[in-house]
Structure formats: C-alpha cells, structure tokens
Amino acid sequence: MKLNNIKTRWNENKTVLNGWLSIGNAFSAEIMAQQGYDSLTIDLQHGFVGYDEAKTMLQAMRASGVAPMVRVPWLEPGIIMKALDAGAWGVICPMVNTAEQAQQLVSFVRYPPSGSRSFGPTRVSIAEGADYGQYADDHVVCFAMIETAEAFNNLEAIVATPGLDGVYIGPADLTLGLTGRKYRTGFDRDEPEIVDAIKHIVDVAHRAGKKAGLHNGSAAYAAKAAEWGFDLVTVSNDVQLLRSAATASIQQFRELNEGQSVDKRSTQTGGY
C-alpha cells in the first residue's frame, strides 16, 4: 500500500499544504494536482461537485502522488464510506458538534473493531494496493470540522475521541457561530476574539495529541497559521485561483489597450 504523504509530512514535523477543489472537473483537478500541493480536497459540501464527478477527479489526481481528501456533505455513513472506497486518503466532515458525533464519524471511517466501516474498497484497492484493508485504519486521515459555538464549547470532548486524527476549522462559519453577524463573513479573520478562538482550538487539539487544520483565503494568512502551529493549512481553491487569474489578465489588457486606443485615435485623420 502507498504511504499517505499527509502523515509522512506530519512524521517529519512539517506543515501540510492543502489545496481545495470546488469545480467538478477531472482536468482541472489534474492541473491542480501537478502544482506541488501535499494534498487536495474535493468539496462535496459547498463545491459544484457531485459524487460521479468526484470519482473521475480522484482518478485524475492519482498520477501526481498528491494525497486526495474529500469534504463530505454531512455526517452520513453512506457518502463517507463511498468517498473512501473511491480512493480518498482523508475525510473532512462538517458540523461535528459533540463527542458523540465525533465518535460516529470515526466509526464510519474505521473498519471493525475500531469502527463500523463496511468492507468494499472497489477502486481504492486498485489505486492503493490489494493490501489496503490491512492498513487503511492507519492510513486514512479523519478530520472533524469545528465551526459552531456548540462544537467550540465541546472541543475538549471532541478531541478526546479515539481514532480522530484532528480538527479542521471553517473560520467563516466559526465566526458566524461565535458572534452571529457582528463581523463580515469569510476567511482570514483579523478580529482579536476570533483569532484567540482559532489559537485556542489548535492549542486544545495539540494538548490532546491531535492535529489541527485551518481553511485560509490567502497564502500569507496560511503561513501565519503555520507559525501558530497548524499542522495543515488550505491555500486557495480552484474557483478563487481561476477568478483572480482571469481578473488580473483582463485588468492588464484593459490598462495596456486603453493606452493603445488613445494613440490610435491621435493618428486618425477622420472623414472619407
């Protein structure tokens, strides 16, 4: 069975650089996979991606060696197990608010006796080796998302869950959960009370021997999060990268073309 390079990076005390895939397309996933990320997460919760598209994206990423993960839509055993059977090396599950829910998540990810995952690794045994079932529980990464006031208050109990590798912060929802609409929505929080909450989560996770991941909107903020001790940082997604690159290209053309248009008008004589 192949090594999960997320865990390899952690064993080397290095931060995992994770990318985000919200476009349901195998070719765009393949392009992202070739850019040097340690891992890439397919977003089945908020991404424009269905399960059938996710399958081809996982296949397209295989040649790069990047570690593929899936953010599942919800805490539901069927989609979690199908994502793993399709070849995900990790699962990020949203809205895990209690220790009981964290225990359920672990159960859906791990085979008996550690969990209740049904055995049927249809594709992953081809992609990762016939011995997948023997090593999967040590290989697959399991993240519970902390993004509500309830989860924040239950944090110590959640991170105490055996078999849970870590917690993953959704800062936009966490801000809404802790403060309502007091602040703008989005990532890269700079409000002191939210920054303190984010740092509290990573500290509690580490005291329990768990990893902590953070969703970021920029490389600069992700680098700062790594300095705070985060073990996995997500930097940009395919939609954001496409939008920003297109905007920059159009802006550059408009600026250059505007100057050329002035020059052209100055040389025109007018009339026939």
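## Exercises on a predicted barrel model

Let's start at Asn-13, which is exposed, with a relative accessible area of 75%. Keep in mind that this is a predicted model.

**Exercise 1.** Work out where Asn-13 lies and what stands out about its phi.

*Solution.* 
- Step 1: find the place. Asn-13 sits in the loop between helix H1 (5-11) and strand E1 (16-21).
- Step 2: look at the backbone. Phi of Asn-13 is near 60°, a positive value, and the residue isn't a glycine.
- Step 3: Most residues other than glycine have a negative phi.
- Step 4: check the surroundings. Exposed means over 50% relative accessible area, so Asn-13 counts as exposed at 75%.

**Exercise 2.** Find out whether Met-95 is buried, partly exposed or exposed, and describe its backbone.

*Solution.* 
- Step 1: Met-95 is in the loop between strand E4 (90-93) and H5.
- Step 2: its phi is positive, about 50°, although Met-95 is not a glycine.
- Step 3: now the accessibility. Buried means under 20% and exposed means over 50%. Met-95 has 22% relative accessibility, so it counts as partly exposed.

**Exercise 3.** Which two residues does a cis peptide bond join?

*Solution.* 
- Step 1: remember that most peptide bonds are trans.
- Step 2: here, the cis bond joins Pro-112 and Pro-113, with omega about 5°.
- Step 3: Pro-113 belongs to the loop between helix H5 (99-109) and helix H6 (124-128).

**Exercise 4.** Take strand E2 (residues 39-43) and sort its residues by the way they point.

*Solution.* 
- Step 1: think about the general rule. In a regular strand the side chains alternate between the two faces of the sheet.
- Step 2: apply it. Ser-39, Thr-41 and Asp-43 point one way from E2, while Leu-40 and Ile-42 point the other way.
- Step 3: ask how covered the strand is. E2 is mostly covered, with five of its five residues buried.

**Exercise 5.** Trace how E2 is tied to the strands E1 and E3.

*Solution.* 
- Step 1: on the E1 side, E1 and E2 pair in the parallel sense over four bridges.
- Step 2: follow the chain between them. E1, helix H2 (residues 26-33) and E2 make a right-handed β-α-β unit.
- Step 3: on the E3 side, E2 and strand E3 (residues 67-71) are also parallel, this time over five bridges. Here Ile-42 has Val-70 in E3 as its bridge partner.
- Step 4: follow the chain again. E2, helix H3 (residues 51-61) and E3 form a right-handed β-α-β unit.

**Exercise 6.** Carry on from E3 and find out what the strands build together.

*Solution.* 
- Step 1: three bridges join E3 to E4, and these two strands run parallel. Met-69 stands opposite Gly-90 in E4.

**Exercise 7.** Is Thr-179 buried or exposed, and what does it touch?

*Solution.* 
- Step 1: locate Thr-179 in helix H10 (residues 171-179).
- Step 2: compare with the cut-off. Buried means under 20%, so Thr-179, with a relative accessible area of 15%, is buried.
- Step 3: look for a polar partner. A polar atom of the Thr-179 side chain lies 2.7 Å from the backbone oxygen of Thr-175.
- Step 4: list the contacts. Not counting residues up to four places away in sequence, Thr-179 touches Glu-193 and Ile-194.

Conventions. Residues are numbered from 1 along each chain as its sequence is written. This is a predicted model: local features need pLDDT of at least 70, side-chain atom pairs count only at pLDDT 80 or more; totals for chains, interfaces and linings use all residues. Side-chain values use heavy atoms; hydrogens and water are left out. Buried means under 20% relative accessible area, exposed over 50%, partly exposed in between (1.4 Å probe, protein chains only). Two strands pair if DSSP finds at least two bridges between them. A crossover is right-handed if, with the strands pointing away from the viewer, the path from the first strand over the helix to the second runs clockwise. A polar contact is a pair of N or O atoms within 3.5 Å; within protein, one must be able to donate a hydrogen and the other to accept it, and residues adjacent in sequence count only if both atoms are side-chain atoms. Contact means heavy atoms within 4.5 Å.
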